[in-house]
Amino acid sequence: MSRISTTSVGNIKVTTLRDGERTLPLEALKNLSDEDTSRINSDENQSFTFTNFNACVIQNGKQNLLVDTGCGTLFGPTCGFIIDALDELGLGPDDITDIFITHFHPDHIGGCINEDGSAVFRNANFKIAEEEHNFWTLKEFGSDEINGRDWSSLAKNVLSAYDAQLEVLKSNKDIISGVSTVPLPGHTPGHAGFRVDDENQSMFHMGDIIHVPNLQLKDPNICTLFDIDPESALKSRKYALDMASNDNLLCTSGHILEPKFIHLEKRGSSYFITS
Ligand SMILES: [Zn+2]
């Protein structure tokens, strides 16, 4: 099965790259009703807790922007296929001119570096929102935190591999021409999605506002252990889903399943995929 899905936004080509897939353990989910828990437990296919790990390439004719880099070798044999997906698109690592990381969790930065710690994408300008950069570089992490020492050392290793190419983005600065960040704090302090706008067409990448779409679109109050500030994450989740549905925006996200490009419709407090 192909790892890529492509769409056009004006003259800009947007392609999602499926780095991998797996189910999330029940313990990683919070705010489940008893009914949800029993539905999940009795579902042999584990479809409710199934997730995909997606990266994205935006091509504006001059630049090849890679957003997130997948899991690398960190999440087992069903993940870590970013290079294969790029190859399917006809690109090699050296063709990537720019990288933007939505947030510094391992399933988004694991593919940035080789085993020896060197940069995989040697020619890329490496861009990150200021708040996210500050969080991972300035905070002291404990070993017992979910976003603890293992994750923060990976973040620091990635930042050091790309030190010479690093650009810390102030808010409201375009990532590349036609692509701008949408701050969605909560999952991490500097977590961001982005918009692609060209010739009166738009696409909205919602970042990691949802991790298990089959549960969280129906009930956005369900969240994962990985949201650092669950209250702000819920606010950002509702803001992003409302914007997508109210403006009938073509959208995608870091953990969306197939199809990768969707429209959403809000009914009551739930969201449904309409195309
Ligand atoms: Zn993620």
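The turns below take up the overall build, then strand pairing, then the backbone.

User: What kind of model is this, and how many helices and strands does the chain have?
Analyst: The model is a predicted one, and what follows should be read with that in mind. The secondary structure of its chain comes to 7 helices and 16 strands.

User: Why does the chain count as compact as a globular protein of its length?
Analyst: The globule rule gives 19 Å for 275 residues. The radius of gyration of the chain is close to that value, so the chain is as compact as a globular protein of that length, with a radius of gyration of 18 Å.

User: What share of the contacts in the chain with a separation of 6 or more comes from residues 24 or more positions apart, and what share of the residues is buried?
Analyst: Among contacts with a separation of 6 or more, residues 24 or more positions apart account for 69%. Buried means under 20% relative accessible area, and of the 275 residues of the chain the share that counts as buried is 53%.

User: How far apart are the mean positions of the positive and negative charges?
Analyst: The chain carries 22 positive and 40 negative charges.

User: Which strands are joined to E12, and in what direction does each run, parallel or antiparallel?
Analyst: Strand E11 (residues 192–198) is joined by 5 bridges to E12 (residues 201–205), and these two run antiparallel; within this pairing, Phe194 stands opposite His205. E12 is also joined by 3 bridges to E14 (residues 250–252), where Leu250 is the bridge partner of Met203.

User: Which residue takes a positive phi in the hairpin of E11 and E12?
Analyst: The hairpin has 2 residues between its strands. The residue there with a positive phi, near 45°, is Glu199.

User: Where is Gln46, and is it buried, partly exposed or exposed?
Analyst: Gln46 lies in the loop between H1 and strand E4 (50–59), and it has a positive phi of about 55° although it is not a glycine. Because the relative accessibility of Gln46 is 43%, the residue counts as partly exposed.

User: Which peptide bond is cis, and in which loop is Pro259 found?
Analyst: The bond from Glu258 to Pro259 is cis, with omega near -10°. Pro259 itself is found in the loop between E14 and strand E15 (264–267).

Terms used:
Residues numbered from 1 in each chain as written. Predicted model: local features only at pLDDT ≥ 70, side-chain atom pairs only at ≥ 80, totals over all residues. Heavy atoms only, no water. Helix = DSSP H or I, 4+ residues; strand = E, 2+ residues; numbered from the N terminus. Rg over C-alpha atoms; globule rule 2.2 N^0.38 Å. Buried < 20%, exposed > 50% of the residue type's maximum accessible area, 1.4 Å probe, protein only. Contact = heavy atoms within 4.5 Å. Lys, Arg positive; Asp, Glu negative; His and termini not counted. Charge placed at Lys NZ, Arg CZ, Asp CG, Glu CD. Pairing = 2+ DSSP bridges.
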